[in-house]
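I opened the model to look up its aromatic rings. I wanted ring pairs and charges over ring faces.

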Amino acid sequence: MILGFHFLAVLDDEYFKHNLYETAKFIDNKADIIWYRFKHYKNIDEKLITLRKIVSKSKLILSSDYKLAVKYNFDGIHLNKQTIKDYIYIKNNTNLITGYSSHSPKEIDEISADYYTLSPIYDTPKEYKVNPIGIVEYNKSKKVFALGGINLDNLHTLKDNFYGFAGIRIVQDIIKANF
């Protein structure tokens, strides 16, 4: 926990490609969950083996591919609209924690998962137009991490509104602040 708030660190393969392992070492134990997000399978086995060795205190979650998550002893899987179809199989046949990438409170109500990311909360630099949703009402009995445009300057706005916070750039802020 950082500042008494649950933290889901997004360890994006593209964003952290030059310091992936150093970043994982630094945020292990600072984040409740480290979500390793990747798009390409090049050298993926080697990366997953190394990450599993590095991350020993935080929960280690993998994007979408539950077979790799099981194979490399990850703690969970983060699903999206394309992979949510695997949810029932995962829950019935594995011990994986399940997360889900939601973009509206309606999705949180309709989809079962152990935790959710809700995004984009704030404006975030992307190669396409982003329409931030801001602070919204949702079912507070569910664990929802605010994602998108989260930084140390706006973190205080989330505290009473979300279970926790998540992001890529907030990881950089935390490293720079040396929390």
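I started with a charge: the charged end of Lys140 sits over the ring of Tyr138, 4.2 Å from its centre. My criterion was NZ of Lys or CZ of Arg within 6 Å of the ring centre and within 35 degrees of the ring normal.

I noted the ground rules. The model is predicted, so I kept local features at pLDDT of at least 70 and side-chain atom pairs at pLDDT 80 or more, while totals for chains, interfaces and linings use all residues. Numbering runs from 1 along each chain as its sequence is written, and side-chain values use heavy atoms, without hydrogens and water.

Next I looked up ring pairs. I paired rings of Phe, Tyr and Trp (its six-membered ring) with centres within 6.5 Å; planes under 30 degrees apart are stacked, over 60 edge-to-face, the rest tilted. I got nine aromatic pairs. Phe5 and Phe165 make a tilted one, at 5.3 Å centre to centre and 35° between the planes. Phe5 is in the segment before strand 1 (6-12) and Phe165 in strand 8 (residues 164-167), 160 residues apart. Strands here are DSSP runs (E, at least two residues), numbered from the N terminus.

Are these two buried or exposed? Phe5 is buried, at 5% relative accessible area. Phe165 is buried too, at 0%. Buried means under 20%, exposed over 50%, partly exposed in between (1.4 Å probe, protein chains only).

I then returned to Tyr138. Tyr138 and Phe162 are stacked, with 5.6 Å between centres and 20° between planes. Both are buried.

Last entry: ring pairs join Phe5, Phe7 and Phe165 into a cluster.

Definitions and conventions:
Helix = DSSP H or I, 4+ residues; strand = E, 2+ residues; numbered from the N terminus.
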